[in-house]
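Please read it alongside the sequence and the model.

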Amino acid sequence: MTFDVRRFDIYRKVPKDLTQPTYTGAFISICCCIFMLFLFLSELTGFIATEIVNELYVDDPDKDSGGKIDVSLNISLPNLHCDLVGLDIQDEMGRHEVGHIENSMKVPLNNGHGCRFEGEFSINKVPGNFHVSTHSATAQPQSPDMTHIIHKLAFGEKLQVQHVQGAFNALGGANKLQSNALASHDYILKIVPTVYEDLGGKQRFSYQYTVANKEYVAYSHTGRIIPAIWFRYDLSPITVKYTERRQPFYRFITTICAIIGGTFTVAGIIDSCIFTASEAWKKIQIGKMS
């Protein structure tokens, strides 16, 4: 007695002389191939593309920064001379710096009557403030005009990622040219640490922030009005993390197999129904003719 291993074949073959090609079957097959090609290209596009997943957690992500945050400030004061403009920095660790000049630049505006201040500096990761004022000037002006436009205020690294939308420069474009010239401006910032991790696992650290502001006229102990532009900041304990991910290859293969198998199965059922109905109709017609 011989053992025929072919009995285990679950993919039984139908002899070609028992199959019958039809125009309907050809049309369904062509539509089926076009449909599968469309779904395949759609899945391939989704597999190649990356998605950004965000999460929240409590931690200080950039522990190697030495407890510092880099700040980039660009502000124009069109009615205040550059000799009077200065940057002061204070915080709860005891830092008190008047007239910060390192990595800063002053560009005269309006034939020298105004000034654009550009500076890059660092702040400690504790509550504090930095402010643009005339405090560092050798002689205080009688009526300092603090109307201004903020072009940029950003913290940490610059993230140039298309699908990440956040308030990394929330004060960019703030225009206070129509405000009271002698008014002080308070911008209260809540800084939120932000991490971006790409496909290779490389992390970049930046900071988003929310802002609220108010205007008021401040008097010194001598009764003089000494306006300033204050940026008072505090850090949020919550960190936002964006992770770049791509669909796993096994999921892509599974989806493609499902597309092919499902399309062929549905197309086969449709073709079988049409063919059966067609044969039944032919028999009915033959019966009527006889």
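**Salt bridges and burial**

Lys190 is partly exposed, at 35% relative accessibility; that class lies between buried (under 20% relative accessible area) and exposed (over 50%), computed with a 1.4 Å probe on protein chains only. The model is predicted, with local features needing pLDDT of at least 70 and side-chain atom pairs counting only at pLDDT 80 or more, while totals for chains, interfaces and linings use all residues. Residues are numbered from 1 along each chain as its sequence is written, and side-chain values use heavy atoms, leaving out hydrogens and water.

Overall count
- Six salt bridges are found in a search of the whole structure, each being a side-chain nitrogen of Lys or Arg within 4 Å of a carboxyl oxygen of Asp or Glu.

Pairs between strands
- Lys190 and Asp234 form one of them, with closest N and O atoms 3.5 Å apart.
- Lys190 sits in strand E10 (residues 184-197) and Asp234 in strand E12 (residues 229-235), so this pair ties together parts 44 residues apart in sequence; strands are DSSP runs of at least two residues (E), numbered from the N terminus.
- Asp234 is partly exposed, at 30% relative accessibility.
- Glu197 forms a salt bridge with Lys241, where the closest N and O atoms are 3.1 Å apart.
- Because Lys241 belongs to strand E13 (residues 238-246) and Glu197 to strand E10, the pair links parts that are 44 residues apart in sequence.
- Both Lys241 and Glu197 are buried.

Arg116 and Glu118
- The side chains of Arg116 and Glu118 form a salt bridge at 2.7 Å, N to O.
- Arg116 is partly exposed at 23% relative accessibility, and Glu118 is partly exposed with a relative accessible area of 22%.

Conventions:
Helix = DSSP H or I, 4+ residues; strand = E, 2+ residues; numbered from the N terminus.
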